[in-house]
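Welcome! Please take a look at the sequence and the 3D structure below, and then we can walk through the fold together.

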Amino acid sequence: MSHALIIEDEFLLAFTVEEALGQLGYASFEIATTMAEAVTAAEKRCPDLIVADHRIMDGTGTEAVMTICSEQVIPVVFVTGSEPEVRERLPDAFVVPKPMALPEFEAAVKAARERPFTLADGDGEARSPRR
């Protein structure tokens with residue numbers, strides 16, 4: 001059973017992402033609206049996929065992802081209107097711009113599963129394993 005963590009403070013978009021992931025075979029979901037909720041949710045149950053917005057209530061989804069993925073390799077897709085800010089920290093991130101187009105989202109999820117996110121050597125530099 002695949003589990004997804006959705007880091008998004010816009011509930012309509014979070015539920016749209018959840019529905020799209022359900023069609024891709026994900027069976028359980030956790031929606032977090034803050035960095036603290038996201039980190040706690042990932043500690044309780046390691047997700048098989050993270051879908052994150054950059055700007056959330058108490059910080060950024062990017063920081064939450066970097067915290068969660070500091071010790072684990074997890075596929076990550078950003079759905080955001082803040083692509084430049086994400087790419088500044090994570091140049092190789094899979095980013096789907098808002099408003100989200102389902103075919104592009106599905107392609108990004110597939111690509112992220114093939115090339116999950118990791119932090120290399122704990123040096124603070126984000127990397128994605130090469131294909």
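The largest nonpolar core has 23 residues, and Leu5, Ile7, Ile50, Val65, Ile68, Phe78 and Phe117 touch the most other members. A nonpolar core here is a set of buried Ala, Val, Leu, Ile, Met, Phe, Trp, Tyr and Cys residues joined through side-chain atoms within 4.5 Å. At least two residues of this core come from each of E1, helix H2 (35-44), E3, H3 and E6, and H3 gives the most, with four residues. Apart from this core lies another one of 20 residues, among them Ile6, Leu49, Val79 and Met100.

A few words on the basis of all this. This is a predicted model, in which local features need pLDDT of at least 70 and side-chain atom pairs count only at pLDDT 80 or more, while totals for chains, interfaces and linings use all residues. Residues are numbered from 1 along each chain as its sequence is written, and side-chain values use heavy atoms, leaving out hydrogens and water. Helices (H or I, at least four residues) and strands (E, at least two) are DSSP runs, numbered from the N terminus. Buried means under 20% relative accessible area, exposed over 50%, and partly exposed in between (1.4 Å probe, protein chains only).

Now to the sheet. Five strands form an open sheet in the order E2-E1-E3-E6-E7, with parallel pairing. Strand E2 (26-32) and E7 stand at the edges with a single partner strand each, so one side of each has no neighbour in the sheet. Neighbouring strands are turned by 20° against each other on average, direction ignored. Two strands count as paired if DSSP finds at least two bridges between them.

| Strand pair | Bridges | Sense |
|---|---|---|
| E1 and E2 | six bridges | parallel |
| E3 and E6 | three bridges | parallel |
| E6 and E7 | four bridges | parallel |

Strand E6 (residues 76-80) deserves a visit, with five of its five residues buried. Val76, Phe78 and Thr80 point one way, and Val77 and Val79 the other way. In a regular strand the side chains alternate between the two faces of the sheet. Phenylalanine 78 stands opposite alanine 52, and its bridge partner in E7 is valine 95. E6, helix H4 (residues 83-89) and E7 make a right-handed β-α-β unit; right-handed means that, with the strands pointing away from the viewer, the path from the first strand over the helix to the second runs clockwise.

Next, the helices. Helix H3 (residues 61-68) is largely enclosed by the rest of the structure, because six of its eight residues are buried. Those buried residues are Gly61, Thr62, Ala64, Val65, Met66 and Ile68. Helix H1 (residues 11-23) lies across E1, E2, E3 and E6, at about 165° to E2. Helix H5 (residues 102-114) lies across E2, E3, E6 and E7, at about 170° to E7. Axes are lines fitted to C-alpha atoms, for helices over the stretch in contact (heavy atoms within 4.5 Å), and angles run from 0 to 180 degrees between N-to-C directions.

Finally, meet two single residues. Histidine 3 is found in strand E1 (residues 2-7) and counts as buried at 5% relative accessibility. Its bridge partner in E2 is serine 28. Glutamine 72 sits in the loop between H3 and E6 and, at 28% relative accessibility, counts as partly exposed. Leaving out residues up to four places away in sequence, glutamine 72 touches Cys46 and Phe117.
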